[in-house]
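Please open the model beside this note. Go through the points in order and find each element as it comes up.

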Amino acid sequence: MSNITIGISDLNVARPPDVLVTYALGSCVGICLYDQTVRVAGLSHVLLPKSGQIPGNNTPMKFADTAIPMLMVKMQALGARPVNLKAKIAGGAQMFASSSNASIANIGERNVQAVKATLQRLRIPIVAEDTGSNFGRTLLFSAEDFSMTIRSPKRAELKF
């Protein structure tokens with residue numbers, strides 16, 4: 001088994017027994033997709049909700065609305081079928097105190113909403129979620145059993 005690290009605005013896929021790992025999920029959202037039938041797992045770490053917000057954007061893995069479809073394509077190359085995909089998501093915390101710039105203060109919530117809307121549009125059900133609150137998370141996603149483990153210094157380890 002090896003750990004495959006996914007950075008911010010990054011994504012990757014794995015097969016058993018590998019584990020996909022992403023760190024520093026504050027307001028960002030980690031999206032775990034999997035197809036149990038062919039045993040393919042994928043993880044995306046999105047930074048922002050919508051690609052149209054930044055003109056001339058050339059980093060589609062940064063945004064929920066473009067990264068999730070990219071992850072699906074990468075998984076399909078390994079045999080995954082969109083109809084079999086399920087999702088687990090984590091992150092979307094409010095990491096900044098309320099300020100005069102409400103757009104920054106609620107970016108985590110907006111990220112979660114964009115992830116959910118994109119998954120709904122793609123007809124991918126969310127089967128587990130650990131979002132919101134005000135703390136960061138480390139996410140580990142096992143390609144072996146498709147479990148999502150959340151670690152945070154502010155609470156006990158969670159496994160979904």
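Which residue in β7 is the bridge partner of Ala90? The partner is Asp130. Keep that pair in view while you read on.

1. **Ground rules.** This is a predicted model, where local features need pLDDT of at least 70, side-chain atom pairs count only at pLDDT 80 or more, and totals for chains, interfaces and linings use all residues. Residues are numbered from 1 along each chain as its sequence is written, and side-chain values use heavy atoms, with hydrogens and water left out. Helices (H or I, at least four residues) and strands (E, at least two) are DSSP runs, numbered from the N terminus.

2. Five strands form an open sheet in the order β2-β5-β4-β6-β7. The pairing is mixed. Two strands pair if DSSP finds at least two bridges between them. β2 (10-14) and β7 (126-131) stand at the edges. Each has a single partner strand, so one side of each has no neighbour in the sheet. Direction ignored, neighbouring strands here are turned by 10 degrees against each other on average.

3. **Strand β6.** This strand covers residues 86-91 and pairs with β7 in the parallel sense, over five bridges. Ala90 and Asp130 are bridge partners. Lys88 has Ala128 of β7 as its bridge partner. β4 and β6 run antiparallel, joined by six bridges. Is β6 largely enclosed or left open? Five of its six residues are buried, so β6 is largely enclosed by the rest of the structure. Buried means under 20% relative accessible area, exposed means over 50%, and partly exposed is in between (1.4 Å probe, protein chains only).

4. Axes are lines fitted to C-alpha atoms, for helices over the stretch in contact, and angles run from 0 to 180 degrees between N-to-C directions.

5. **Two helices.** How do α1 and α3 cross? The axes of α1 (residues 64-76) and α3 come within 9 Å and cross at roughly 45 degrees. That makes α1 oblique to α3. Angles under 35 degrees count as roughly parallel, over 145 as roughly antiparallel, 65 to 115 as roughly perpendicular, and the rest as oblique. On the α1 side, the contact is made by Ala64, Asp65, Ile68 and Pro69. On the α3 side, Ala114, Val115, Thr118, Leu119 and Arg121 take part. Contact means heavy atoms within 4.5 Å. By class, the contact has six nonpolar, one polar and two charged residues. Ala, Val, Leu, Ile, Met, Phe, Trp, Tyr, Cys and Pro count as nonpolar, Asp, Glu, Lys and Arg as charged, and the others, Gly among them, as polar.

6. **Another sheet.** An open sheet of five strands has the order β1-β3-β8-β9-β10. Pairing is mixed here. β1 and β10 are the edge strands, and each pairs on one side only. Neighbouring strands are turned by 20 degrees against each other on average, direction ignored. β1 and β3 pair in the parallel sense over four bridges. Ile4 has Leu20 of β3 as bridge partner.

7. **The β9 hairpin.** β9 pairs with β10 (residues 155-159) in the antiparallel sense, over three bridges. A hairpin of two residues joins them. Ile150 has Leu158 of β10 as bridge partner. Thr149 sits in β9 (residues 148-152). Thr149 counts as buried, at 9% relative accessibility. Leaving aside neighbours within four places in sequence, Thr149 is in contact with Thr138, Leu139, Leu140, Glu157, Leu158 and Lys159.

8. **Backbone points to check.** The peptide bond from Pro16 to Pro17 is cis, with omega near 10 degrees. Pro17 is in the loop between β2 and β3 (19-25). Ser9 is not a glycine, yet has a positive phi of about 60 degrees. Ser9 lies in the loop between β1 (3-6) and β2, and counts as buried at 13% relative accessibility. Arg39 is not a glycine either, and has a positive phi of about 60 degrees. Arg39 lies in the loop between β4 and β5, and is partly exposed, with a relative accessible area of 32%.
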